[in-house]
Amino acid sequence: MSENTGFKSLSQFTEYLSQYVDVNSWGVGGAKSPAELWNELREGDSGLIKEDNGILRLTWPIFIDVLYHNQGTNYHCFEAENKKGKFRPLPGTFAEKRHANEDLNDAIRRTFNEEINDSLPKSGLSLRGSNLEFQNEWEENTGARSYPGLQTRSINTLFGLTVSPNQGEPKPFTLVERNGITKFDWKVQR
């Protein structure tokens with residue numbers, strides 16, 4: 001059961017959090033604030049559950065790994081630079097947060113609409129005739145990088161998207177969103 005309902009105010013939510021984690025470093029440097037977690041919970045981007053010895057943040061990331069074949073050469077598309085100007089070694093090319101209780105097919109459709117449909121064709125490749133297949137699902141328990149001291153359980157799902165073959169050499173491309181630009185490139189798989 002998610003603990004993200006029933007808080008009438010941000011101050012009430014922050015007081016609740018303070019029972020389990022030290023929120024004094026939240027909102028400082030690269031750390032997100034209690035308000036950002038509260039918004040995440042209200043929007044369904046994450047959940048919060050009570051456990052025997054504290055609270056646990058839940059996330060449901062979806063990764064879509066993009067592959068392309070051209071006359072015997074296999075290419076893998078990767079995120080070369082994220083919105084903060086960094087390289088992140090992700091399990092897939094595109095990453096999206098699945099909302100709490102969101103149908104998996106709806107989350108995949110949203111990922112295509114928000115990220116893939118507008119950006120991948122800029123590589124010179126077509127999505128027509130592409131093939132999306134389930135690859136793997138796994139859980140990770142980690143400290144939340146954005147929320148110091150808060151443990152997170154991520155239930156990850158990976159899909160592989162194989163773009164139609166033999167369309168020529170793929171080009172680097174960018175994804176432009178309201179919160180920044182992400183750059184993508186290709187590498188030959190050995």
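The buried residues of helix α3 are covered by elements that include the strands β2 (54-70), β4 (94-98), β5 (131-143), β6 (151-163) and β7 (173-177), all of this being read from a predicted model. The buried positions of α3 are Ala107, Ile108, Arg110, Thr111, Phe112, Glu115, Ile116 and Ser119. One of them, Phe112, also marks the place where α3 bends by about 45°.

The length of α3 can be checked against expectation: at 1.5 Å a residue, the 16 residues of the helix (residues 104-119) should span 22 Å, and the C-alpha atoms at its ends are 22 Å apart, which agrees. At the start of α3, a side-chain oxygen of Asp103 comes to within 3.0 Å of the backbone nitrogen of Asn105.

Strand β2 holds Phe63 and Asn70, whose accessibilities are set out below.

| Residue | Relative accessible area | State |
|---|---|---|
| Phe63 | 7% | buried |
| Asn70 | 12% | buried |

Both residues count as buried because the cut-off for that class is under 20% relative accessible area, with Phe63 at 7% and Asn70 at 12%.

Apart from its neighbours within four places in sequence, Phe63 is in contact with Leu90, Pro91, Gly92, Phe94, Ala95, Trp138, Asn156, Thr157, Leu158 and Phe159. The C-alpha atoms of Phe63 and Arg110 are separated by 12 Å, although the two residues lie 47 residues apart along the chain. Asn70, when residues up to four places away in sequence are not counted, touches Tyr75, Asn166, Gln167, Gly168 and Glu169.

How values were computed
Residues numbered from 1 in each chain as written. Predicted model: local features only at pLDDT ≥ 70, side-chain atom pairs only at ≥ 80, totals over all residues. Heavy atoms only, no water. Helix = DSSP H or I, 4+ residues; strand = E, 2+ residues; numbered from the N terminus. Expected span 1.5 Å × (residues − 1). Bend = angle between axes of the 7 residues up to and from the residue. Buried < 20%, exposed > 50% of the residue type's maximum accessible area, 1.4 Å probe, protein only. Contact = heavy atoms within 4.5 Å. Polar contact = N/O pair within 3.5 Å; in protein donor to acceptor, adjacent residues only side chain to side chain.
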